[in-house]
Amino acid sequence: MTDIRLNSRGEVELCVDMSIYNDCIIDKVMYWWSGKYVITRKNIPGTALQAITLTGSSPVSQDEFVEMRLKLSADFVDYKNRAIIAEETSDLRNIIYAKAFANSDDFVEFEFKE
């Protein structure tokens, strides 16, 4: 996330750098906020940025905004880390799945001692 602010209408505006947080990460973060807020997303032409607005049924107060800012920041970092871990461990997970579902008579055992 590159910027977060509370506008004069009591809406929370985010500017997210899509070269850091891909669309999947943004979707996961926004999903958890969609129960309480209407979420509007739009790409900013000519940039790798996406503008996101969270609009509640009533304007967001300054105290609520401080809490939201902390939570949104933590959510973006959390889902980014989850994406990194999933990418780094995908080969290992594939080996475990193959081993778990393979017919043990047809599966070649790997010797990891060598």
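## How much is tucked away

Let's start with burial: 26% of the protein's 114 residues count as buried. Keep in mind that this is a predicted model.

## The overall layout

You'll find 3 helices and 4 strands here. Walk along from the N terminus and the elements come in the order β-β-α-β-β-α-α.

What about links along the chain? Take the contacts with a separation of 6 or more: 56% of them are between residues 24 or more positions apart.

## The hairpin at the start

Strands β1 (residues 3-6) and β2 (residues 12-17) pair up in the antiparallel sense, with 4 bridges between them. One spot to look at is Arg 5, which sits opposite Glu 13 in β2.

Together, β1 and β2 make a hairpin, and 5 residues lie between the two strands. Gly 10 is in that turn, and its phi is positive, at about 80 degrees.

## A closer look at Gln 50

Now jump to strand β4, which covers residues 49-55 and includes Gln 50.

Who are its partners? Leaving aside residues up to four places away in sequence, Gln 50 touches Leu 14, Cys 15, Val 16, Met 18, Asp 23, Ile 26, Arg 41, Lys 42 and Asn 43. With Asn 43 there is also a polar contact, side chain to side chain, at 2.9 Å.

Terms used: Residues are numbered from 1 along each chain as its sequence is written. This is a predicted model: local features need pLDDT of at least 70, side-chain atom pairs count only at pLDDT 80 or more; totals for chains, interfaces and linings use all residues. Side-chain values use heavy atoms; hydrogens and water are left out. Buried means under 20% relative accessible area, exposed over 50%, partly exposed in between (1.4 Å probe, protein chains only). Contact means heavy atoms within 4.5 Å. A polar contact is a pair of N or O atoms within 3.5 Å; within protein, one must be able to donate a hydrogen and the other to accept it, and residues adjacent in sequence count only if both atoms are side-chain atoms. Two strands pair if DSSP finds at least two bridges between them.
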